[in-house]
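Reader: I've got a model open and I'd like to learn how to read its features one by one. Could you walk me through it?

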Amino acid sequence: MTLHTPARPTHEELTATAQRIRWHVINTVAASKAGHIGGPLSATDLLTALYFGQLRIDPQHPQDPERDRFILSKGHSAIGLYATLAVRGYFPEDELATFDHGDSRLQGHPDMLITPGVDISTGSLGQGLSAAAGIALGAKRLGKDFHTWVMLGDGELEEGQVWEAVISAPRYQLDNLTAIIDLNGLQQYGWPATDRDRFDRSEPMGHVDLEAVLHGFGWNVHVIDGHDFEAIFTAFDAAAGTQGQHGKPNAIIARTAKGKGISFTEGTYAWHNGVATAEQLRQAGHELNVEGGAA
Ligand SMILES: Cc1ncc(C[n+]2csc(CCOP(=O)(O)OP(=O)(O)O)c2C)c(N)n1
Ligand SMILES: [Mg+2]
């Protein structure tokens with residue numbers, strides 16, 4: 001089967017799709033009474049751009065060997081991926097209601113053995129880039145031209161295994177690999193404001209010139225606003241569009257806001273995970289302008 005890069009949706013279409021996905025995130029987690037919010041929402045615009053305007057995939061044939069691969073290394077953001085996959089047509093949007101139930105295909109962290117569209121199981125932070133580099137190396141060895149994408153969190157970058165893969169990928173000239181770093185400036189917790197001199201756990205990479213570091217390791221680096229679709233696609237084109245031309249793996253450092261798109265979740269570690277109240281759900285539905293969302 002021949003897979004093609006999809007036609008790029010309009011800005012309005014992308015925005016509407018992202019809002020629908022954001023609604024699924026907060027609504028699904030509220031119904032299941034557990035799950036992550038902030039990380040899925042910071043990644044939503046990137047996931048929307050990937051799945052609706054970039055990846056060569058066919059939801060009807062999720063195992064097509066020629067498909068582009070995507071690995072959500074920050075696996076705790078699973079509901080963001082599931083919502084995207086559902087809206088993209090991998091499974092019914094209604095199935096999201098089973099999220100995190102024991103017998104569901106949609107577990108709290110992605111499981112490649114049971115969920116259509118999940119290429120690697122994740123959840124233990126730090127491992128996805130290694131898996132992605134292995135897949136990209138395999139593709140090179142087999143002469144396959146698909147592209148492998150992986151998304152990491154900025155807190156996740158504290159895991160040592162990430163840097164083993166950062167060092168290895170240029171050595172194997174994996175220009176068929178793109179790592180997207182969701183640089184939302186927060187991880188699971190913050191310090192009390194009065195205690196910042198203990199070194200703040202927000203901005204996990206705030207003291208690192210990530211662009212220079214990755215560049216120094218031999219990566220092709222792009223720094224973008226991860227909520228600006230035009231900038232996202234420009235970076236995607238610069239990464240996947242130059243596959244086979246420079247021998248360098250690609251990193252897209254995407255500046256984002258944790259909890260993006262809903263006023264009370266945006267910019268706070270406190271909504272790393274959480275369950276919205278009925279009133280908060282009504283407000284989110286209203287802000288996201290999702291038809292029926294506030295019902
Ligand atoms: C190896 C490992 N250690 C700890 C955790 C628990 N954990 C889940 S999410 C998270 C914070 C991750 O922060 P970040 O990578 O910045 O993700 P995001 O801000 O996108 O949610 C932690 C520590 C884990 N899943 N895996
Ligand atoms: Mg983060």
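Author: Let's begin on a helix, counting helices (H or I, at least four residues) and strands (E, at least two) as DSSP runs numbered from the N terminus. E279 and R282 sit 3 residues apart in helix α8, so about one helical turn separates them. As for ground rules, this is a predicted model, where local features need pLDDT of at least 70 and side-chain atom pairs count only at pLDDT 80 or more, while totals for chains, interfaces and linings use all residues. Residues are numbered from 1 along each chain as its sequence is written, chains are lettered from A and ligands numbered from 1 in the order in which they are written, and side-chain values use heavy atoms, leaving out hydrogens and water.

Reader: What joins the side chains of E279 and R282?

Author: Side chains of opposite charge can pair when their charged atoms come close. Here the cut-off for a salt bridge is a side-chain nitrogen of Lys or Arg within 4 Å of a carboxyl oxygen of Asp or Glu. E279 and R282 meet in one, at 3.2 Å from N to O. For burial, read under 20% relative accessible area as buried, over 50% as exposed, and in between as partly exposed (1.4 Å probe, protein chains only). E279, at 48%, is partly exposed, and R282, at 44%, is too.

Reader: How many salt bridges does a search of the whole structure find?

Author: It finds 12. One of them pairs R20 with E93, with the closest N and O atoms 2.9 Å apart. R20 belongs to helix α1 and E93 to the loop between α3 and α4, so this pair ties together parts 73 residues apart in sequence. Another links R56 and D68, at 3.1 Å between the closest N and O atoms; both residues are buried. Shared partners join R56, D68 and D145 into one network.

Reader: Which residues have the most contacts inside the largest nonpolar core?

Author: In soluble globular proteins, nonpolar side chains tend to be buried together. A nonpolar core here is a set of buried Ala, Val, Leu, Ile, Met, Phe, Trp, Tyr and Cys residues joined through side-chain atoms within 4.5 Å. The largest has 55 residues, and I26, Y51, F70, Y82, W149, I180 and F236 have the most contacts inside it. Elements giving it two or more residues include α1 (11-32), β1 (69-72) and α8 (278-288). Apart from that one lies another core, of 29 residues, I120, A136, V162 and M205 among them.

Reader: And the metal site: which residues are the protein donors of the magnesium ion (ligand 2)?

Author: Donors are N, O and S atoms within 2.8 Å of the metal (3.2 Å for Na, K and Ca); water is not among the atoms, so sites may look incomplete. The protein donors are D154 (OD), N184 (OD1) and L186 (O), 2.1 to 2.2 Å from the ion, with the sequence spacing D-x29-N-x1-L. D154 lies in the loop between β2 and α5 and L186 in the loop between β3 and α6, so the pair ties together parts 32 residues apart in sequence. D154 is buried at 2% relative accessibility, and L186 is buried at 12%.
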